[in-house]
Amino acid sequence: MILAVLFANVEGNILIERFHGVPAEERLHWRSFLVKLGADNLKGIKNEELLVACHKSVYIVYTVLGDVSIFVVGKDEYDELALSEVILVITSAVKDVCGKPPSERLFLDKYGRICLCLDEIVWKGYLENTDKDRIKRLIRLKPPAEF
């Protein structure tokens, strides 16, 4: 199961978080742990260079994309190899929505569409969609019908 997907800025503030099957009392621990992990290890790495960690029998794959850090946490069948596929789909979708690796400002401007993408990619803790064209089709926002 994919336990968490988090996006954070360079200061360590959480921009988006999705937890699946993680009790509310453990979420604060995961937030602070992941932000500290990113602060310790993400300085100076290239865009989309994947880093892997293991903590309490769960796997963590994380990277940086523009000014945004992305963390994916999984357990059981979602080991580091499966999570690397998940994070590659997520980074590809974010780049498609933003048009380039995002600054924090651009990321927040596209927040709604990024959330829609994330919901189509990971659903209830499982990888749902990986096809870029299908994700684009599913998140298409249509203006309300004229009355």
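In this predicted model, the buried residues of helix 1 are covered by elements that include strand 1 (2–9), strand 2 (14–19), strand 3 (51–55), strand 4 (58–65) and strand 5 (68–74). The helix itself takes in residues 24–41, 18 residues in total. From its first C-alpha to its last it reaches 26 Å, close to the 26 Å expected at 1.5 Å a residue.

Which residues of helix 1 are buried? They are Trp30, Leu34, Leu37 and Gly38. Viewed down the axis of helix 1, these buried residues fall within an arc of 95 degrees, so they line one face of the helix. The other side of helix 1 carries the exposed residues Glu25, Leu28, Lys36 and Asp40.

Strand 3, one of the strands that cover helix 1, can be followed residue by residue. Its covered face consists of Leu51, Ala53 and His55, while Val52 and Cys54 make up the uncovered face.

Lysine 56 lies in the loop that links them. Its phi is near 50 degrees, a positive value in a residue other than glycine. Is the residue buried or exposed? Lysine 56 has a relative accessibility of 61%, which is over the 50% cut-off, and therefore counts as exposed.

Lysine 124 sits in the loop between strand 6 (122–123) and strand 7 (126–127). Lysine 124 is not a glycine, yet it has a positive phi of about 50 degrees. With a relative accessible area of 57%, lysine 124 is exposed.

Helix 4 spans residues 111–121. Its buried residues are Ile114, Cys115, Cys117, Leu118 and Ile121. Seen down the axis of helix 4, they fall within an arc of 160 degrees, so they line one face of the helix. For the buried residues of helix 1, the corresponding arc is 95 degrees.

The remaining points concern the chain as a whole. Its secondary structure comes to 5 helices and 7 strands. Read from the N terminus, the elements follow the order β-β-α-β-β-β-α-α-α-β-β-α. The radius of gyration is 15 Å, close to the 15 Å that the globule rule gives for 147 residues, so the chain is as compact as a globular protein of that length. Taken along the principal axes, the C-alpha atoms fill a box of roughly 55 × 30 × 30 Å.

What share of the 147 residues counts as buried? The figure is 41%. Among contacts between residues at least 6 apart in sequence, 51% join residues at least 24 apart. The protein chain exposes about 8,200 Å², of which carbon and sulfur atoms supply 52%.

Notes:
Residues are numbered from 1 along each chain as its sequence is written. This is a predicted model: local features need pLDDT of at least 70, side-chain atom pairs count only at pLDDT 80 or more; totals for chains, interfaces and linings use all residues. Side-chain values use heavy atoms; hydrogens and water are left out. Helices (H or I, at least four residues) and strands (E, at least two) are DSSP runs, numbered from the N terminus. The expected span of a helix is 1.5 Å times one less than its number of residues. Buried means under 20% relative accessible area, exposed over 50%, partly exposed in between (1.4 Å probe, protein chains only). The arc is that of the directions from the helix axis to the C-beta atoms. Contact means heavy atoms within 4.5 Å. The radius of gyration is taken over C-alpha atoms; the globule rule is 2.2 Å times the number of residues to the power 0.38. Accessible areas come from the Shrake-Rupley method with a 1.4 Å probe; for residues, only the protein chains shown count as cover.
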